[in-house]
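Morning, everyone. I have one model to go through today, and I will keep it short.

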Amino acid sequence: MWLNFLALLPSTTLTVLLIAIAFLRFYDQTDFEFLGYIANPRQWSNGFTVAALLATLANFGVEWNRRNRETNRLVEEAQRRAKEEQRRIREEQRRVAQERADESRRTEERERQIARTRIETRCRIAEIQFQLDPSERNRRALKAALAVLAEYGELFP
């Protein structure tokens, strides 16, 4: 709060000094009676002019500082937003990669299930055909199906 008050001080002082300079330069005791109490109004006006220049320099410094702080605040805000956007993009990429990996696992599991079902079906068909007709041809088909079952046994949990 004090910083805001102190920031107003140079510009307020400058305004008061300019009013005082104007009174001392352009008016006399015929316009305003209290100006008759001031001895050497021209010297006072010159002193107030120097003080006004110093107040102007102080005001320039305060404004310069305020604008630099504001610029820094805007830059920091932009950097914070950029970091937040990068974090959001990384999270989105990670989520998409996880979804792809999950989909890949599900696809792989479906393919194994399909292969398992085909092998089981082939074995059952060969077994049923052999039970219905125990011929040599069906015996060879059953042996081939059992060989496939033995070869791809890891598909079956």
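Predicted model: local features only at pLDDT ≥ 70, side-chain atom pairs only at ≥ 80, totals over all residues.

Start with helix α3, residues 136–151. How far apart should its ends be? At 1.5 Å a residue, the 16 residues of α3 should span 22 Å.

Next, which residues of α3 are buried? They are N138, L142, A145 and V148. Seen down the axis of α3, these buried residues fall within an arc of 120°, so they line one face of the helix. That set packs against α2, residues 41–132. On the other side of α3, the exposed residues are R140, K143, A150 and E151.

Let me stay with L142, which sits in helix α3. L142 has a relative accessibility of 17%, and therefore counts as buried, since the cut-off for buried is under 20%. What does L142 touch, leaving aside its neighbours within four places in sequence? The contacts are C123, A126, E127 and F130. For a sense of distance, take N72: L142 and N72 are 70 residues apart in sequence, and their C-alpha atoms are 81 Å apart in space.

Now the salt bridges. How many does the structure hold? There are 16. I will show a few in helix α2.

E77 and R81 pair up through their side chains, with 3.5 Å from N to O. The two are four residues apart in α2, so about one helical turn separates E77 from R81. Both ends are partly exposed: E77 has 26% relative accessibility, and R81 has 47%.

R87 and E84 form another salt bridge, at 2.2 Å from N to O. Here the spacing is three residues in α2, which again means about one helical turn. R87 is partly exposed at 32%, as is E84 at 36%.

R88 and E85 also make a salt bridge, with the closest N and O atoms 2.5 Å apart. R88 and E85 are three residues apart in α2, so they too are separated by about one helical turn. R88 is partly exposed at 43%, and E85 is partly exposed at 34%.

Besides these pairs, E63, R66 and R67 are linked in a network of salt bridges.

Last, the surface. V50, L54 and L57 form a nonpolar patch there, with about 310 Å² of accessible area together. V50 belongs to helix α2.

That is what I have.

Notes: Residues numbered from 1 in each chain as written. Heavy atoms only, no water. Expected span 1.5 Å × (residues − 1). Buried < 20%, exposed > 50% of the residue type's maximum accessible area, 1.4 Å probe, protein only. Arc of directions from axis to C-beta. Contact = heavy atoms within 4.5 Å. Patch = residues over 30% accessible without salt bridge, like charges linked within 9 Å, V, L, I, M, F, W, Y side chains within 5 Å. Areas by Shrake-Rupley, 256 points an atom, 1.4 Å probe, with all protein chains shown as cover. Salt bridge = Lys/Arg side-chain N within 4 Å of Asp/Glu carboxyl O.
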